[in-house]
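Trainee: Could we take a close look at a single part of this one? I'd like you to walk me through it and then tie it to the rest.

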Amino acid sequence: MSSVTEPPVFAETARLQALFDQHLGLRRGSFASRARAASRHLPRPLRADLAQVVAATRLMGPPKLFRQIDAAALSAASNRVATHLKTIDRADRRRGLWLGILGAIMANILILTALLIALLRWRGLV
């Protein structure tokens, strides 16, 4: 159990909020809303770890609930989430998004051109 004098949750949430901002561009809202938005970018096991950190923030109010926080488990869960967030590259994600959009447009143009050529051959114009 953790001591009452040093809240481990504040340091963990501050570190994760900085990573949300830096690697995912999540700047607005409370920690819980940022965590909900960030969970879409995390694998399933890490979503549970992030949920554990969010649940610990809810226990920060009353002192009796605060004593129930397992600092070691909270730190381990936060470290796993932080390690994954550090691997996310915003520029690479943006580049992948644009390449995906351009690839879909080029595939549609290719299909449309093939259909147009087939139609012109069928009509005897080419």
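Does I109 count as buried, partly exposed or exposed, and what relative accessibility puts I109 there?

Mentor: Keep in mind that this is a predicted model. I109 has 44% relative accessibility, so it counts as partly exposed; the band for that label lies between under 20% for buried and over 50% for exposed. Its place is in helix α6, which covers residues 90-123.

In soluble globular proteins, nonpolar side chains tend to be buried together. For that side of the story, turn to the largest nonpolar core, which has 25 residues. The members that touch the most other members are L16, F20, L24, F31, L50, I69 and L85. Helices α1 (8-24), α2 (31-38), α3 (44-58) and α5 each supply at least two residues of this core. Take F31 as an example: leaving aside residues up to four places away in sequence, F31 touches T13, L16, Q17, F20, L50, V53, V54 and T57.

Now for H84, which is found in helix α5, residues 71-86. H84 counts as partly exposed because its relative accessibility is 24%. Beyond residues up to four places away in sequence, H84 touches H41, L42, P43 and L46.

Technical notes
Residues are numbered from 1 along each chain as its sequence is written. This is a predicted model: local features need pLDDT of at least 70, side-chain atom pairs count only at pLDDT 80 or more; totals for chains, interfaces and linings use all residues. Side-chain values use heavy atoms; hydrogens and water are left out. Helices (H or I, at least four residues) and strands (E, at least two) are DSSP runs, numbered from the N terminus. Buried means under 20% relative accessible area, exposed over 50%, partly exposed in between (1.4 Å probe, protein chains only). Contact means heavy atoms within 4.5 Å. A nonpolar core is a set of buried Ala, Val, Leu, Ile, Met, Phe, Trp, Tyr and Cys residues joined through side-chain atoms within 4.5 Å.
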